[in-house]
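Here is a short tour for anyone meeting this protein model for the first time. Have a look at the picture, then read on.

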Amino acid sequence: MSPRRRERRVIAAAGAAALVAVGLNLAFSAVAAHHRRKRRELPGFTAQVNLSAADIKRLADRVISKSKETYDAVAAIPLDKVSFANVIAPLAELDAQQFPLIQACVFPKMVSPSDDVRRASAEAEKRLDSHFLLCRQCEDVYCVIKAFTQTGERIGLEATRYVQCLAREFERNGAKLTQSKKAEMEKLKSHIDDLSLKYIQSLNDFTKFLLISEEDLAGMPLEFLKELEKTDGKRKVLLTSFHVTPILEHCKVGSTRKLIAVAYGQKGGKENIAILEKLVQLRHRLARLLGYPNYSDYAIEPRMPRTSRKVLEFLEEMSEQLNDIANRELSVLKDLKMKEEGDAQFGVEDLLYYMKRAEEFKVDLDIAEVKQYFPVNLVISGILKMFQDLFALRFEEIKDAETWHDTVRLFSVWDASSSDLLGYFFLDIFSREGKYAHTCVMSLQNGCLCSNGTRKVPVSVLLSQCPKDLDGNSALLRFPEVVRLFHEFSHVVHHISNKVTFSRFSGLQLEGDFAEIPSLLLENWCYESISLKMMSGFHQDITRSITSEACQSLKRRRDIFAGLKLKQEILLCLVDQIIHTSENVDIDDLIKDLHPKVMLGIPLLEGNSPASCFPRIAVGYDAVCYSYIWSEVFAADIFASKFKDDLLNQHAGLRFRNKVLALGGSKNPLDIITDYLGREPSLQAFIQSRTRNSL
């Protein structure tokens, strides 16, 4: 993310997960012995994880000073004397040496128990971001890099890609612009940031509510009704997802669902539409200033599709191929509405309710019961065991390692056959005050080759907010939390597996849509009996793993009405893409036109505009909302063609590790996937896999 936009075989029987946990000795405790761990020298590990507030400030000063020194030295090279050794190598070495130092400064804001350290880390991040943005705008350094590209010096494929990426990064930050145009660019970015914040603030500040009688809330669970404040004999329904989604899923009264859906769909109002239209205009001006035909092409250029046209073709083709299955799904929902409410028009407000009703008929699953089979410790043990077996890895816990909190654990990762050290990862999975509130993976050190011939190995950390054990009882995870942990640990393995030369090509610094493919691929293991049994066990008797029937129901629950769900997502992606390919688009008119076309004739609710309350389009995913679906398509094709018939085939896992994960970003990602598959990926595997159980 830019500085300005701060985001073999298995025992397949009951008791397998328990045996795994005992065999690996990986049972987790939320409370470890309370003592300060001393620093240990670890091969290839230079990351610093326990700095004081004063240490962070001093280290940030050193990083800035060293980078200025290096950039000045590169800028001073005469254009007729440039070479890989005096221009590119120093910049690559700077990346390699400074990345772990930068992370040592900025990482503590997410994890440190100390308020002072978190504040110092946040301040260091601002300073470093500002400094490196200026570095990437240095015209003199850019000129030297461009001069090198014209020398014809033979440097190898990965080095060539590094130079191309480096030059492009300078260009995207305005290094080619005149001073007046750079000033204009900064004004545009500042205005864009302000409007993006205003859009989000409008949603956050929205406090409207509706007063609805209990009679008009028929079908709502008693526990939900009790949580609603009572005013003048009615229940106060806040227009937040915490109230709106349950009502749209459970309320039997169609007029109430429509009332709620209309009010919620007006959440951002005309004000946010006006903000978004202004944002689109400013983004278009920014892209044109930097030499791009439109903002979408600017945003997509460093990603896998490369052009907006490719993305539009992808979305339109997928929408068309989903028509048949989505129409069948819609017919089922309309029939249910006819039986329950008579001859009433089916609207957007009915989708969630009748999907939920159909799910109750077609999926025999007690979510509360499923949770009883996923104790935190057992889930983590099963995940580690599975990744070791599938990818021929060996994890070894490092006792008494220096960490930032006593509940954090450190593991080394080894190649199971060669016994080569591949890297390290920290697990910081238990909740505590002041810690980052979501599950994610961060890199503390990138794997790369240094100029002295030594190799830095990857070091990553998995953060989560799992509940701690209470009174000797193991804390339990909801199934979506299990999937999220599995997904994020896949990023850890992706990062650890890379064998690239350059730090910037590490597994966590890839094109956004490429970085998600391995994790979305591996999410499939969370819906198959053989792997679910490895990380499950009834909390009162862990030898009893989850049943095969429950595993099948979890997959059906994921896929039911997948066609209609994907259609809704595609609609928003198309809106995002179309408005960012032109400077002036009437967003309301666009959505009114697109909605019935994509959603099979279902009209847009009167007075609603989904774009007024769609935060991704304002911040973080502008012009790239397509990315997640794109990644899912690639992941589904890989799963269907390489893993589906033998989920724990180590040969297949090792080939994926060596042909995809190990390459990081050292090659064009589309070439990596195409070479691995032996062909271009297809939509068919994804559509078939997600719609097979859609009804």
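How many bridges join strand 6 to strand 10, and do the two run parallel or antiparallel? There are 6 bridges between strand 6 and strand 10 (residues 459-466), and the two run parallel.

## Before we go on

This is a predicted model, where local features need pLDDT of at least 70, side-chain atom pairs count only at pLDDT 80 or more, and totals for chains, interfaces and linings use all residues. Residues are numbered from 1 along each chain as its sequence is written, and side-chain values use heavy atoms, leaving out hydrogens and water.

Helices (H or I, at least four residues) and strands (E, at least two) are DSSP runs numbered from the N terminus, and two strands pair if DSSP finds at least two bridges between them. Facing strand 10, Y424 stands opposite V459.

Strand 6 also pairs with strand 5 (residues 409-415), this time antiparallel, through 6 bridges. W414 has L421 of strand 6 as its bridge partner. Strands 5 and 6 make a hairpin with 5 residues between them, and S419 in the turn has a positive phi of about 65°.

## A threonine in a loop

T403 sits in the loop between strand 4 (393-397) and strand 5. T403 counts as buried because its relative accessibility is 8%. A polar atom of the T403 side chain lies 2.8 Å from the backbone oxygen of H405.

Now for R504, found in the loop between helix 19 (479-497) and helix 20 (512-515). Leaving aside neighbours within four places in sequence, R504 is in contact (heavy atoms within 4.5 Å) with Y162, C165, L166, E169 and Q509. R504 and G664 are 160 residues apart in sequence, yet 9.2 Å apart in space, C-alpha to C-alpha.

Side chains of opposite charge can pair when their charged atoms come close. A salt bridge is a side-chain nitrogen of Lys or Arg within 4 Å of a carboxyl oxygen of Asp or Glu. R504 and E169 meet in one, at 2.9 Å from N to O. R504 lies in that loop and E169 in helix 7 (residues 157-172), so the pair ties together parts that are 335 residues apart in sequence. E169 is partly exposed, at 24% relative accessible area.

How many salt bridges turn up in a search of the whole structure? The search finds 33. Among them is the pair E301 and R172, whose closest N and O atoms are 3.0 Å apart. This pair links distant parts of the chain, 129 residues apart: E301 is in the loop between helix 13 (295-300) and helix 14 (308-321), while R172 is in helix 7. E301 counts as partly exposed at 21% relative accessibility, whereas R172 is buried at 14%.

K337 and D350 form another salt bridge, with the closest N and O atoms 2.5 Å apart. K337 belongs to helix 15 (residues 323-341), and D350 to the loop between helix 15 and helix 16 (351-362), 13 residues apart. K337 is buried with a relative accessible area of 4%, and D350 is buried with 0%. Salt bridges that share partners join R257, K337, E341 and D350 into one network.

Methods. Buried < 20%, exposed > 50% of the residue type's maximum accessible area, 1.4 Å probe, protein only. Polar contact = N/O pair within 3.5 Å; in protein donor to acceptor, adjacent residues only side chain to side chain.
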